[in-house]
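Dear colleague,

Please find below the structure that I am handing over to you. I would be grateful if you would read the notes after it alongside the model.

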Amino acid sequence: MNSMPQSEGFFSRIYSALTGSESSSIKPIKEDIIYELKVLEGEDTNKTFVLGETPLSIGRKLPGDTRINDILITDTEETISTLQARIYWDPSKNTHVMDYVTGTTYPTFIDGIVLNRPTHLQNGNHIVIGKNTFLYRRKKPLSIEEDKQEMSHVEFIFPGKEISQEEGVMDEDGVTEYRTGYFLKIISGLEEGKEYSLDKFLIPIGKLTVAERKGWILLDSSSVSVEQATLKWMSKDRKFAIIHHKGAITPTIVNKIEVSHEAFRLLEEGDIIKMGQVRMILLNRNSGKLFPISVDEIEEDPEDVRQSEEIMSEVEIEEVEDDYNEEDEKEDEEDEKTVIKDFKEAHKFKVISGPDEGSEFILDKHTTGDKVIIGRKGTERKDIELSDETVGEYCGSLIFDQGWLCIKLDDEKGELLVNSLSVIKKGLEEGDIIQLGKTVLEYTFSGHPSLSKSPSLKVIEGLDTGKTFLLNKKLIRMGRKSKKTEVPREIELSGKDKSISRLHACIEKKDNKFYLINEKNENKTFLNGVQVIKPRPLMDGDKIKLGDEMVLLFKYTAPPVVEKV
């Protein structure tokens, strides 16, 4: 038996695992089995990482990266975080455990399920992170010479049979394509009739932009988000599954049911997928059989095209005969109507007192100029005109400064009050009360919560992971969703988490500060790991834990304020 000097080095531990030699710090894995992660899809495709008993981190490889004992993945699109997940050995289960890291941009999936707690891996698990897919597997140790060859090229097992590099065909971008038989056909939208072959194991879907994105299905529609959803080939079911991207504003809908961003949904032939104003149907030319593309098959065979048209025609006829009903007719009528969508980012000012009471002024950030003039109606036009004779002709203005919409006093003889405070300039927050002369306005933000400067709570752990709640009232009550509770809650959390009570905690705003209050002594409410007994002041970046699993991140940046002396 070979021997090695006692060392804590990474390569000596691999050598010990391969040869069976003893190490002073690392015990050999039970049954002498080597575990590894193989990259199936991504820029490091076919690369293999050997796993031992030493804890490792998985993350994106950075320029000049000095990390040695970690699994570093090449990912120029940055869909993997610098620190994405951790893997460690559990000798009691004779397998590895994967644990998530909070704050990552993209979630980690194990066989289509979001990783949100330490999870024991099983041989054959498929792990998806961003645009990358990994296979967790085990193998018996080889001799050193055999292992060198194995490291240079490891055969990769996918959907129940071996597919070697020779059987697949590299496209012009160097990506291996396969004939799964599935394709998507657009049945409504600007590109009606267009088809997309599903010839890769991981296919992101998003909006067509000027940026080039290889391997994507890019839809020419403003109603689709830039990163909308992802399709993944599920080898065990020999079908595709779809998952919604948590950052997409437009929902992804399959057969009128919204797709979750937490787990893949398995698709069936004939399913209707809707993204904004685009509707697509999933079809299969080969009845679910998987055939790698050969060089001779790269160009479409006319017979295949004819058969494909016949298949699609039959599917469309079946859809009309079997699925068409009054609801579909109403839906078609709705499609003919003008669609009025919510603003992506707008700022509203409603006059709640004064001569213009009931009037509303709305600013769309994307079409607003550098400065919005506020003043009394007169011979010259202003952007926001008031009928109040007590305000100056040019009394104030609105400008965007460092991401904040700020209101400014431009009339030296006048006065600007925001929440009863006399100011020259202030960044506006949700619910601010503004007074100019006898006119009182209330400010509100309209758009996606992530674009608001208002204080917010974002769920980073638990069943509602990814949801964001704006704190736009003086009192915000939080609790589990339930029909039995008569007390209204501004923040309703998943009804499945029974460790959270129906009225669990609240956040109260006093003197421009926010306080966390626990409603009942028996409720589990923690602030940065310390149980909340009395009201606790909140600061930006604080973590609030409710019950056993729900963790929320408090975000708050104080607005710029210049008081009038």
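The notes below set out what was found, beginning with the basis of the values.

This is a predicted model, in which local features need pLDDT of at least 70 and side-chain atom pairs count only at pLDDT 80 or more, while totals for chains, interfaces and linings use all residues. Residues are numbered from 1 along each chain as its sequence is written, and side-chain values use heavy atoms, with hydrogens and water left out.

Overall composition. The protein has 4 helices and 49 strands; these are DSSP runs, numbered from the N terminus (helices: H or I, at least four residues; strands: E, at least two). Of its 565 residues, 43% are buried (under 20% relative accessible area, with exposed being over 50% and partly exposed in between; 1.4 Å probe, protein chains only). The exposed surface comes to about 30,800 Å², of which carbon and sulfur atoms supply 49% (Shrake-Rupley method, 1.4 Å probe; for residues, only the protein chains shown count as cover).

Strand 35. Strand 35 pairs in the antiparallel sense with strand 33 (residues 404–409) over 3 bridges, where two strands pair if DSSP finds at least two bridges between them. Within that pairing, K408 stands opposite K425. Strand 34 (residues 416–418) is also an antiparallel partner of strand 35, over 2 bridges, and L417 has S422 as its bridge partner. Strands 34 and 35 form a hairpin with 2 residues between them, and N419 in the turn has a positive phi of about 55°. A further antiparallel pairing, over 3 bridges, links strand 35 to strand 49 (residues 561–563); here V423 stands opposite E563.

Six strands form an open antiparallel sheet in the order 39-38-48-47-44-45. Its edge strands are strand 39 (468–470) and strand 45 (530–531), each pairing on one side only. Strand 44 (residues 525–527) is joined to strand 45 by 2 bridges, and F526 stands opposite Q531.

Two individual residues. R137 lies in strand 11 (residues 132–139) and is buried, with a relative accessible area of 12%. P107 sits in the loop between strand 6 (95–100) and strand 7 (108–110). Leaving aside neighbours within four places in sequence, P107 is in contact (heavy atoms within 4.5 Å) with residues including Q84, V128 and K246. The C-alpha atoms of P107 and H245 are separated by 9.7 Å, although these residues are 138 apart along the chain.

Yours sincerely
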